[in-house]
Amino acid sequence: SSSWSSLRHLSSLKAKIMLLSATADPHLMEYIACYLDLGEYKVIGSSAEYPKPNVTINVEKYSDGNVIGAVVQRAKDLLARKQHKFKIHIVTMSKDDAKEISDKLNNEGVSSMWLTSHQIQSEKEEIMKNWEERDEIAIVTTFTDGIDNALTEDVIIVRARYSVTSLMQ
């Protein structure tokens, strides 16, 4: 069955279930609890305690040969325009693109590092820690989840298609 209809059977397992959402409103939580047949449930926290992100999604199309140059130019424009400390997360689909974009950013004066799923876990953790603590403006990765940095204001996604939900993540 589909994943949603499979979820309806979870309550029959008599297991404790935790659903996490920082932005769901009480009505949505009520509907989900009813759909999943959770019976009594407890809400911890509320969306009022979590500032909803102020997000704009812009979609721009470039020819394959111009896309990396456009990404580098966008990062340079952001660096020139903003007068405060910020970070950029650039997501691409290949290790080669991640390394190439990072190298070109560095060559153009936008400090950058790259991180891909090909690196071992200890390297990934070290790079994420360094990006959090150091002055590099951009990180170029091959994945979207788990890259958290409070200074990140811009996310650029290269050669990929995501749902709006994935983009928000």
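1. Of the 169 residues in the protein chain, 28% are buried, where buried means under 20% relative accessible area, with a 1.4 Å probe and protein chains only. The model is a predicted one, in which local features need pLDDT of at least 70 and side-chain atom pairs count only at pLDDT 80 or more, whereas totals for chains, interfaces and linings use all residues. Residues are numbered from 1 along each chain as its sequence is written, and side-chain values use heavy atoms, with hydrogens and water left out.

2. The protein chain holds six helices and four strands, these being DSSP runs (helices H or I, at least four residues; strands E, at least two) numbered from the N terminus. Their order along the sequence is α-α-α-β-α-β-α-β-β-α.

3. Strands β2 (residues 112–115) and β3 (residues 138–141) run parallel and are joined by four bridges, pairing being assigned if DSSP finds at least two bridges between two strands. Within this pair, Met113 has Ile139 of β3 as its bridge partner.

4. Thr92 lies in the loop between β1 (87–91) and α4 (95–107), and it counts as buried because its relative accessibility is 0%. Its side chain makes a polar contact with the side chain of Asp97 at 3.5 Å, a polar contact being a pair of N or O atoms within 3.5 Å, of which, within protein, one must be able to donate a hydrogen and the other to accept it, and residues adjacent in sequence count only if both atoms are side-chain atoms.

Methods
Buried < 20%, exposed > 50% of the residue type's maximum accessible area, 1.4 Å probe, protein only.
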